[in-house]
Amino acid sequence: RSHLQPVHVVFHLHAAVTAALLCLQCTECDVVVTRDLQLICRHEPNLNSTTDAWQHFAHRATTYTIDGADVSGIFASDLTLAEIKQLRAKQRWAFRDHAQDGAFEVATLAEFLEVALSAPRAVGIYPEVKHPTWHNALPQLLAANVTIEQLIVDALHARGYAASAPVNSAAWRAQPVYVQSFEPTSLQRLADMTRMPLVLLMGGWDGYVAPDTGMTHVQMLGHAFLSELVGYVAGVGPWKDSLYTVTSGIGSSGTGIDQEDSSSSAAGSAAGTGAAAAVAAADAVAPCHSSHCSGFAHPDSGRRREELDSSSSSSS
């Protein structure tokens, strides 16, 4: 729905839930922290590209170093929730519909949860912990002796998601949830706080390194790291271009159609593009030991992990 309305506004979330009632299963929310430690749904802490913050708070513009890059703008972490509620959302991308720019206020995580939980059937949520290393170094979090992970876990547990584990259990199906992050150390902290299923996002674009560990994409696809990872996550979210390469048609470059390059999706690809195969290979030598993925069922077939393992053994 993000091509129709600005993302992370209550109307957009209601629209996503309406779509979920028809076919979709989850709605996603990126979570950042305000100056007064409130949680809001924004793609980035820098509000310039998704709101009219510059029209209201130009004098609050500053520069932060986030994930190794200097970023200038007006940041959620420098505004209170009351100030952020004065803003209106806008489309981030020029090629999308801007007809509703300025129509909606920024949604809080609490409002996001209320929309999901008020649906007439279970709708999954998929919150992302944005830039946890950067957030946790902010003065207001240090002064309160709290982390963004703890704030998010407290908010989710307060609405009943503490019981949403393991994946595919009756409790999880009643209130489906995944919590995602690009930072392995953030997920390790989360694993100590909650049994909600966790997902590591893998950025496979050129020059990507994990913001907290500095590991490259290729290193993150190695068996050593994946064997460790299965101890505390339920899955990974690979960068889509790591699963295929564009050979013709409309692809990430904007020309032609995406076509799978079988040579690059084979396991052990030197370019590191065999993410799915590498994860499967690691799971073969180190099955998921995390309580977050106990009772896992394949999302397409509905077959449980034990059945898939048995079928794999029979066919080999």
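A disulfide is a pair of cysteine sulfur atoms within 2.5 Å. The structure holds 1 disulfide. This is a predicted model: local features need pLDDT of at least 70, side-chain atom pairs count only at pLDDT 80 or more, and totals for chains, interfaces and linings use all residues. Residues are numbered from 1 along each chain as its sequence is written, and side-chain values use heavy atoms, with hydrogens and water left out.

**Overall make-up**

- The protein chain has 14 helices and 8 strands. Helices (H or I, at least four residues) and strands (E, at least two) are DSSP runs, numbered from the N terminus.
- Of the 316 residues in the protein chain, 45% are buried. Buried means under 20% relative accessible area, exposed over 50%, and partly exposed in between (1.4 Å probe, protein chains only).
- The accessible surface of the protein chain is about 14,600 Å², and 56% of it belongs to carbon and sulfur atoms. The areas come from the Shrake-Rupley method with a 1.4 Å probe; for residues, only the protein chains shown count as cover.
- Take contacts in the protein chain between residues at least 6 apart in sequence: 62% join residues at least 24 apart. Contact means heavy atoms within 4.5 Å.

- The disulfide joins C29 to C41, with an S to S distance of 2.4 Å. C29 lies in strand β1 and C41 in strand β2 (residues 39–41), so the pair ties together parts that are 12 residues apart in sequence.
- The torsion about the S-S bond of C29 and C41 is about -100°, so the disulfide is left-handed.
- C29 is buried at 0% relative accessible area. C41 is also buried, at 0%.
- Strand β1 (residues 26–33) pairs with β5 in the parallel sense over 6 bridges. Pairing requires that DSSP finds at least two bridges between two strands.
- C29 has P127 of β5 as its bridge partner.
- In β5, 5 of the 6 residues are buried, so the strand is largely enclosed by the rest of the structure.

**Helix faces**

- Helix α4 (residues 109–117) has L109, F112, L113, V115 and A116 buried. Seen down the axis of α4, these buried residues fall within an arc of 160°, so they line one face of the helix. The arc is that of the directions from the helix axis to the C-beta atoms.
- Helix α9 (residues 184–193) has P184, S186, L187 and L190 buried. They cover an arc of only 150° around the axis, which puts them on the same side of α9.
- The buried residues of α9 pack against several elements, including β5 (124–129), α7 (148–158) and α11 (223–229).

**Salt bridges**

- The count is 7 salt bridges. The rule asks for a side-chain nitrogen of Lys or Arg within 4 Å of a carboxyl oxygen of Asp or Glu.
- E44 pairs with K130, the closest N and O atoms being 3.5 Å apart. E44 is in the loop between β2 and α2 (53–57) and K130 in the loop between β5 and α5, 86 residues apart.
- K130 also forms a salt bridge with E128, at 3.6 Å between the closest N and O atoms. Shared partners join E44, E128 and K130 into one network.
- K130 is buried at 5% relative accessibility, and E128 is buried at 6%. E44 is partly exposed at 24%.
- R159 and E114 meet in a salt bridge (3.2 Å, N to O). R159 lies in the loop between α7 and α8 and E114 in helix α4, so the pair ties together parts that are 45 residues apart in sequence.
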